[in-house]
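Visitor: I am new to this structure. Could you walk me through it, one question at a time?

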Amino acid sequence: MRILRHPILGELTGLKTVTIYYGDQPISAVEGEPIAAALLNAGIRVFRKTAKRHEPRGIFCAIGRCTDCMMIVDGVPNTRTCVTSVRDGMRVRLQDGRQ
Ligand code: FES
């Protein structure tokens, strides 16, 4: 799902990869990209569940405004993953309701 060859910008080279964990699942990510981008590239679409109905939510605005992408990141709840960059060894968990 990641664009590695852009028709105008050309080949993306020199990308450094890091590993983050979705639960216990290791996921390869590009250093500096948002957590949400790494999860989407890995096929993960559900980032949190709503407080009342436990309905799945994923990335929506992608600019840090809607809070649909909130997850528990390194033990910190309510982290907006669309505007938070990956770090090697980072642990990300689905957030169920308000924390
Ligand atoms: S997708 Fe809207 S705040 Fe992240």
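Visitor: Is T67 buried, partly exposed or exposed?
Guide: This is a predicted model. T67 has 13 C-beta neighbours inside 10 Å. A residue is exposed at 12 or fewer and buried at 20 or more. The count for T67 lies in between, so T67 is partly exposed.

Visitor: What is the phi of T67?
Guide: Most residues other than glycine have a negative phi. T67 is a residue other than glycine, yet its phi is positive. The value is near 70°.

Visitor: What phi does A62 take?
Guide: A62 also has its place in the loop between β6 and β7. A62 is not a glycine, but its phi is positive. The value is about 65°.

Visitor: Is A62 buried, partly exposed or exposed?
Guide: Around A62, 17 other C-beta atoms lie within 10 Å. Buried would need 20 or more, and exposed would need 12 or fewer. So A62 is partly exposed.

Visitor: And I63, is that residue buried or exposed?
Guide: I63 sits in the loop between β6 (56-57) and β7. I63 has 9 other C-beta atoms within 10 Å. The cut-off for exposed is 12 or fewer. I63 is therefore exposed.

Visitor: What separates the C-alpha atoms of I63 and K16?
Guide: Along the chain, I63 and K16 are 47 residues apart.

Visitor: Which residue in β8 is the bridge partner of M70?
Guide: Strand β7 (residues 70-73) runs antiparallel to strand β8 (residues 76-80). Three bridges join them. In β8, the partner of M70 is R80.

Visitor: Which residue takes a positive phi in the hairpin of β7 and β8?
Guide: The hairpin has two residues between its strands. One phi there is positive, near 50°. The residue is D74.

Visitor: Which residue in β9 is the bridge partner of V73?
Guide: β7 is joined to strand β9 (residues 91-93) by two bridges, and the two run antiparallel. In β9, the partner of V73 is V92.

Visitor: Which strands stand at the edges of the open sheet of three strands?
Guide: The order is β6-β5-β10, with mixed pairing. Each edge strand has a single partner strand, so one side of each is left without a neighbour in the sheet. The edges are β6 and β10 (95-96).

Visitor: Which residue in β10 stands opposite K49?
Guide: Strand β5 (residues 48-49) pairs with β10 in the parallel sense, over two bridges. Opposite K49 stands D96.

Conventions. Residues are numbered from 1 along each chain as its sequence is written. This is a predicted model: local features need pLDDT of at least 70, side-chain atom pairs count only at pLDDT 80 or more; totals for chains, interfaces and linings use all residues. Two strands pair if DSSP finds at least two bridges between them. Helices (H or I, at least four residues) and strands (E, at least two) are DSSP runs, numbered from the N terminus.
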